[in-house]
Amino acid sequence: MFANYDTGEFFDEMFARHGGKPLKHYTRLHQRFQNLSLHKLEEKQRRIDKHFLEQGITFTVYGDKQGTEKIFPFDLIPRIIPAAEWRKIEVGLTQRIIALNLFLHDIYHDQKIIKDGIVPEDVVKSAAHFRPEMMGHKVAQEICLQVCGTDLIRNENGDYMVLEDNGRCPSGVSYLLENREAMKHAFPNLYKSYKVRRVNHYSELLLKTLQHISPRSVNTPVCVLLTPGTYNSAYFEHTFLARQMGIEIVEGRDLVVVNSHVYMRTTKGLELVDVIYRRVDDDYLDPTVFREESCLGVPGLMDAYLKGNVSLANAVGTGVADDKVTYAYVPDMIRYYLDQEPYLPNVPTYLAWRDDDKRYILENLSSLVVKSANESGGYGMLIGPTASKQELAEFSLKIKQSPRNYIAQPVINLSRHPTVCEDHSIQGRHIDLRPYILYGENIEIIPGGLTRVALRKDSLVVNSSQGGGSKDTWVLHE
């Protein structure tokens, strides 16, 4: 299976750069796949694809002529992370989410980090998701960011770096959980031979995280998951998580605000709601405060929220932390709030709103990756080395017209991992890693995360909407 495998000039997760031998923690997996026939491999893949289709494990690509609903592509070769390597990731992610929470609390209260000149005021207040309505509001337990998905990459030397933080409505964890079940069924003996840390307690931890921010001191706070509805690209995940947690999944029309309290409509009448795990963006939460044309939200929800009668996870206004311009300042936040050096570095970033950086970006556009500050899913991005002259000219104009909205980074050759390709050969494909962090009474980091893989040859874009897939991620016990 690996006879013609070529690591190239990239950092490879399975094979040593010189000599081509599998790394120690991959030896057993390598042997298992070496002894696997092509027919057997195809059979296992067909079974998993059929299971995903039957279970509705899909995602949505808007505007695709071949149809919007697609099976989430799954690769049979898992990524393996040794315990010592994972410990370093945990330390860095813990440090980062603490700093981000302190930052979010600060900018909606005293704004010390602005007054002390660490983060420019205009960067914060011009952020698309900065919410003046949150000024002075004390969120439950002073935690703004309960659920975060931070994207990590490894560079040419194998060093972990943070690519971005996802704090508004981070998605993908359902695929992480389903991928694990798929691997346990496809390779039960191989899975048992490795001491892999479990991930199936995520939903239990998520529920505890939500209950921790309940405004009422009751034994079992009423938590609900607010979804935009069946046409949302992550609707499978919404139903999956609600079912796993044993809570109701609701749309805006299922909730009503009475006397500044939120109630859920049930067959037995109205039931008071304590916590809303919302998978709806700020703009659509309350038509009386944000977009008045929104049919997804709940009129009066912000009034109930600001009066402390209901809690939202994540808090309104956390999108400032998602802003890719804000991302560039996270290392400074860590130094400012924690008096520590960042354990996981950022990718070097140029900010187009700075004149010197803008000049550099425009002069070197063909060798940089340019990103829109608030786009996600691989949209609003230019990869300079593969862009056409027309694309370069279009982005040059966009940057000049709206410099605050763009950042640029050097092209990082993401690490690669052996992946089963369409012709059933095994080739190296670029990957990243999205671990999920929960911030409740304790900080919990699910051991592993969603390893996303760019299935197209030479592509650096791992997003499912751009042709990417995923792998199971095995974090080993000590």
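This is a predicted model: local features need pLDDT of at least 70, side-chain atom pairs count only at pLDDT 80 or more; totals for chains, interfaces and linings use all residues.
Residues are numbered from 1 along each chain as its sequence is written, and side-chain values use heavy atoms, with hydrogens and water left out. The protein has 15 helices and 22 strands, taken as DSSP runs numbered from the N terminus (helices: H or I, at least four residues; strands: E, at least two).

**Overall shape and surface**
- The radius of gyration is 23 Å, which agrees with the value near 23 Å for a compact globule of 478 residues; this is taken over C-alpha atoms, and the rule is 2.2 Å times the number of residues to the power 0.38.
- The C-alpha trace spans about 70 × 60 × 45 Å along its principal axes.
- Of the 478 residues, 54% are buried (under 20% relative accessible area with a 1.4 Å probe, protein chains only; exposed is over 50%, partly exposed in between).
- Among contacts (heavy atoms within 4.5 Å) with a separation of 6 or more, 68% come from residues 24 or more positions apart.

**Cores**
- The largest nonpolar core has 72 residues, and those with the most contacts inside it are Phe-103, Ile-107, Leu-255, Ile-276 and Tyr-305. Such a core is a set of buried Ala, Val, Leu, Ile, Met, Phe, Trp, Tyr and Cys residues joined through side-chain atoms within 4.5 Å.
- Helix 3 (residues 83-107) gives the most to this core, with nine residues.
- A second, separate core has 56 residues, including Tyr-5, Ala-186, Tyr-194 and Cys-223.
- Not counting residues up to four places away in sequence, Tyr-305 touches several residues, among them Met-134, His-137, Val-310 and Leu-312.

**A serine in helix 15**
- Ser-396 sits in helix 15 (residues 389-401) and counts as buried because its relative accessibility is 16%.
- Leaving aside neighbours within four places in sequence, Ser-396 is in contact with Leu-362 and Leu-365.

- Most residues other than glycine have a negative phi, and most peptide bonds are trans.
- The Ala-313 to Asn-314 peptide bond is cis, with omega near -5 degrees; Asn-314 lies in the loop between strand 12 (311-313) and helix 11 (319-322).
- Asn-259 has a positive phi, near 50 degrees, in the loop between strand 8 (255-258) and strand 9 (261-266); Asn-259 is exposed at 70% relative accessible area.
- Asp-458 has a positive phi of about 70 degrees, in the loop between strand 21 (450-454) and strand 22 (468-475), and is exposed at 57%.
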